[in-house]
Amino acid sequence: SDFDSKKKRKVAEIYQALNSDPIDVAALRRMAISEGGLLTDEIRCKVWPKLLSVNTDELPPLPGKELREDNKDYQQVLLDVRRSLRRFPPGMPDDQREGLQEELIDIILHVLKRNPQLHYYQGYHDIVVTFLLVVGDRLATALVEKLSTHHLRDFMDPTMDNTKHILNYLMPIIDQVNPEVHDFMQRSWMVGTIFALSWLITWFGHVLSDFRHVVRLYDFFLACHPLMPIYFAAVIVLYREQEVLDCECDMASVHHLLSQIPQDLPYETLISRAGDLFVQFPPSELAREAAQQQVERTAASTFKDFELASVQQRPDTVLRQRFRERPRGEERTKSILTKPRTNRFVKLAVMGLTVALGAAALAVVKSALEWAPKFELQIFP
């Protein structure tokens, strides 16, 4: 009963934000980040376009079949989509699934044709199919195009340099919170971060079997900074601390353990912790360790150019407001959150923050956007 009443209140708040003039995008972000996310696909159809600044009154026409003619990516896209059976709901009739797969191919080819600077990568279809299943083909086309030219752009470069750069944030985050796990992973013959590659480039769509968990994470990521998926990857590793430390300290063992993502993760807790870590250790503080040449080319560093418009949705304003609204008892948590780290072997109290505070903290989405000073440090030859 209490859960149902909370859900009803949240739905009412979402529709109030949608119906305000101008639309209260800041409130929609808070709803997407906070416990339970956007709750239903019906609501996602209305809110996801607002989070990406997509005008639903000016959607592009559905792509025609001529897209497939002489398209350099068609054969690879076709192969990947044919292998995507597990991404569709179990029990879906074959003809319905096959129809959706055809739509999936067309959406991908349409975005690539309209944006020749983008390069297809294996795993891209795992993101596109999520949008297709939630919002349908026409709206999915518009949302995926906007996402591909912003949040996902680094994965769609001709080389993997920028993707490697983003993966390089994983170990510094882990080191800040749990140096023991970080050092163990470093000692295990440099296990590296490749285990998290499929997590990152598919926004976990490829590795999670329950579609409800996938769309919950998409709510979260769409409302946040482009680097949030790597923070979420870090909290998964940190959550599995004991498993990691109990593992044989060699590359094969550690890689095998970490590449098998558990399906029963406490998603709301981890979402909250990822947000807290983003505030505690913003990308700007980690940039030196993660830097590579031409760091300014990454989507995260240019996110300030991704215009989500109006002053009303500035997340720093949202953050201050939510701190004012927070119960007095949480004031101690604020001091913990902003207290500088003095002992690298003391785990951060921030890891225990509540989901509610995690949601408030994550309203910082754009306040840490000056995240990477243009260091001329070459990490990849």
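Colleague: What share of the contacts with a separation of 6 or more comes from residues 24 or more positions apart?

Modeller: In this predicted model, residues 24 or more positions apart account for 81% of those contacts. A contact here needs heavy atoms within 4.5 Å.

Colleague: How many helices and strands are there?

Modeller: The protein has 20 helices and zero strands.

Colleague: How does the reach of helix 7 from its first C-alpha to its last stand against the expected value?

Modeller: Helix 7 (residues 137–148) reaches 16 Å, close to the 16 Å expected at 1.5 Å a residue.

Colleague: Why is the pair of Trp203 and Phe221 called edge-to-face?

Modeller: Two values decide the matter. Ring centres must lie within 6.5 Å, and planes over 60 degrees apart count as edge-to-face. Trp203 and Phe221 are 5.4 Å apart centre to centre, with 65° between the planes, and therefore pass on both counts. Trp203 lies in the loop between helix 11 (197–201) and helix 12 (211–222), and Phe221 in helix 12, so the pair ties together parts that are 18 residues apart in sequence. Both Trp203 and Phe221 are buried. By this rule the count comes to 14 aromatic pairs. Ring pairs also link Trp203 and Phe221 into a cluster that includes Trp48, Phe131, Phe204 and Phe232.

Colleague: Which residues touch the most other members of the largest nonpolar core?

Modeller: That core has 110 residues, and those touching the most other members are Trp48, Tyr124, Phe131, Phe204, Ile230, Tyr231 and Phe232. Helix 13 (residues 228–239) gives the largest share, ten residues. At least three residues come from each of domain 1 (1–151) and domain 2 (160–291).

Colleague: What does Phe232 touch, leaving out residues up to four places away in sequence?

Modeller: Its contacts are Phe204, Leu217, Phe220, Phe221, Tyr267, Leu270, Ile271 and Ala274.

Terms used: Residues numbered from 1 in each chain as written. Predicted model: local features only at pLDDT ≥ 70, side-chain atom pairs only at ≥ 80, totals over all residues. Heavy atoms only, no water. Core = buried A, V, L, I, M, F, W, Y, C linked by side-chain atoms within 4.5 Å. Buried < 20%, exposed > 50% of the residue type's maximum accessible area, 1.4 Å probe, protein only. Helix = DSSP H or I, 4+ residues; strand = E, 2+ residues; numbered from the N terminus. Domains from an automatic or database assignment. Phe/Tyr/Trp six-rings, centres within 6.5 Å; stacked < 30°, edge-to-face > 60°. Expected span 1.5 Å × (residues − 1).
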